[in-house]
Amino acid sequence: MKEREQWTSKIGFILAAAGSAIGLGAIWKFPYMAGMNGGSVFVLLFILSTLLIGLPILLAEFVIGRRGQADVVTSLEKLSKGRNWNWVGWMGLVASFIILSFYSVVGGWILSYLIRSLMGSLSGVDYGGLFNDIIANPAEVLLAQAAFLAITVWIVQSGIRGGIERASRWMMPLLFIFFILLAVRSLTLEGAMEGIRFLFVPDWSYLTGKTVLLALGQAFFSLSVGVTAMMTYASYLQKEERLGQSALNVSILNIVISLLAGIVIFPAVFALGQSPTEGPGLIFVVLPAIFNEIPFGGFFLIVFFILMLFATLTSAIAMLEIVVSTGIRKKHEHRKRAAWIFGGLIFLVGIPSALSFGLLGDIQIFGGTIFDFADLLTSRIAMPLGALAVSIFAGYVLSQQDTEDELDMNPTLHKIWKVLVRYIVPAAIIIIFMTWVIEL
């Protein structure tokens, strides 16, 4: 039996964890959620949710993962000392499975657009019509989804050092470089400041219970907390690494990339008279139209979809790693076979989501498509409930000795974190969740 792998360095872990956190949550979902929910108020609530609720839970997942030094189910079994908390691990695995099933659909859309942009066939077309044609074409969406999952499996099958860490080391720096390049270009457009005002000047009429819950769900989704992804990554971490600093770094990187995504998109949207409320199709409908109207737009569009592919892959890798790590438990020699088997199962489960804008478009669940229902089930229900369970576990089940041994904090900071995960975080999640239920 092989020994459990470990990250080769702190920077490798930070880049992989940040990659998991950033992904589609920051680049695809954050802009359209902000656009549909008032811009700046949503942004402010998202930042507060990330720092006050997401960060303590992220740190809790790091503590549990490194303390357990195993897959999430085994770690929770070991650390709860027979009190049957392994259900949290299984719930995280199921949530990750469902997330990747519809996440890979969007990854497939990105591949379709990237190929078209490389071929130069995105210039001057009806972008709204093109997007609708692509997502309604069963052959294209299924083939693209399968290709995206195949790339993800190919990376995960090689393990932590040879696959996930190596990929993150070059994808994440390129992602930052591309983002800065695009942000500079967007800010130089005439009328761009209207987008900046939308992003940073609050309109308090959007401050509702629903907006608060959506911002909280966005913080969970973009940080990958509540589905044990960070618990899984931390289980490969060496004991010398400082968990508090790592959690803070990941949280700040997530906020920075989300804001950069907004700075790339909204100034361009307003400068060219487009609507910020386009929804999930924002980056597929509005952005190609914008790039089509600026000098060297074809080049910048290619850069943007390469960036999108990198970000999507880093998150997909984390989701699949949860499933594979738990599936093989201690039999690490079975990783390659397990990665392909689980990848295939995720593809099959994702077929209804992939077809929910075409062949299965007439099927409605709670007023939305199958794709929308999978998103609702995970980001608004499973992730907050998973985060609630993790905070209770860290606050009440983990021993004082466990948390003190794992955390690199002074006693005051440790007490603040303990108060947050015991009282503030659970109360906030319950109140916000109940507010959303009442508003349904």
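The legends below describe several close-up views of a predicted model of one protein.

**Figure 1. Overall make-up of the predicted protein, which has 17 helices and zero strands.** Of the 440 residues in the protein, buried residues make up 60%. When contacts between residues at least 6 apart in sequence are considered, 83% of them join residues that are at least 24 apart.

**Figure 2. Helix 6, residues 138-156, and the residue at its start.** With 19 residues at 1.5 Å a residue, helix 6 should span 27 Å, and because its end C-alpha atoms are 27 Å apart, the model agrees with that expectation. At the start of this helix, a side-chain oxygen of asparagine 137 comes to within 3.2 Å of the backbone nitrogen of alanine 139. Along helix 6, the buried residues are Glu140, Val141, Ala144, Gln145, Phe148, Leu149, Thr152, Val153, Ile155 and Val156.

**Figure 3. The second largest pocket and its lining.** This pocket has a volume of about 330 Å³. It is lined by 15 residues, and those closest to its centre are Leu55, Leu59, Gly244, Met409 and Leu413. Helix 2 (40-68), helix 11 (243-271) and helix 17 (411-439) are the elements that each give two or more residues to the lining. Sorted by class, the lining of the second largest pocket holds 11 nonpolar, two polar and two charged residues.

Figure 4. If residues up to four places away in sequence are not counted, phenylalanine 221 touches Gly25, Lys29, Ile99, Phe102, Tyr103, Ser379 and Met383. One of these partners, glycine 25, is 196 residues away along the chain, yet the C-alpha atoms of glycine 25 and phenylalanine 221 are separated by 6.0 Å.

**Figure 5. Leucine 214, a second residue of helix 9.** Leucine 214 counts as buried because its relative accessibility is 7%. Leaving aside neighbours within four places in sequence, leucine 214 is in contact with Met33, Asn37, Phe42 and Arg380. In sequence, leucine 214 and phenylalanine 433 are 219 residues apart, whereas in space their C-alpha atoms are 9.9 Å apart.

**Figure 6. Two serines, serine 49 in helix 2 and serine 258 in helix 11.** Serine 49 has a relative accessibility of 8% and so counts as buried. Apart from its neighbours within four places in sequence, serine 49 is in contact with Gly54, Ala215, Leu216 and Ala219. Serine 258, in helix 11, also counts as buried, because its relative accessibility is 0%. When residues up to four places away in sequence are not counted, serine 258 touches Ala26, Phe30 and Phe46.

**Figure 7. Phenylalanine 13 in helix 1, residues 10-36.** The relative accessibility of phenylalanine 13 is 0%, so this residue counts as buried. Although phenylalanine 13 and tyrosine 233 are 220 residues apart along the chain, their C-alpha atoms are separated by 7.6 Å.

**Figure 8. Two partly exposed residues, glutamine 69 and tryptophan 90.** Glutamine 69 is placed in the loop between helix 2 and helix 3 (72-79). The phi angle of glutamine 69 is near 50°, which is a positive value in a residue other than glycine. The C-alpha atoms of tryptophan 90 and valine 73 are separated by 6.5 Å, and the two residues are 17 apart along the chain.

Key: Residues numbered from 1 in each chain as written. Predicted model: local features only at pLDDT ≥ 70, side-chain atom pairs only at ≥ 80, totals over all residues. Heavy atoms only, no water. Helix = DSSP H or I, 4+ residues; strand = E, 2+ residues; numbered from the N terminus. Expected span 1.5 Å × (residues − 1). Buried < 20%, exposed > 50% of the residue type's maximum accessible area, 1.4 Å probe, protein only. Polar contact = N/O pair within 3.5 Å; in protein donor to acceptor, adjacent residues only side chain to side chain. 1 Å grid on protein atoms, 1.4 Å probe; cavity = no way out; pocket = protein on both sides within 12 Å on 5 of 7 lines; lining within 4 Å. Points joined across faces, edges and corners; volume = space filled by probe spheres on them. Nonpolar A, V, L, I, M, F, W, Y, C, P; charged D, E, K, R; others polar. Contact = heavy atoms within 4.5 Å.
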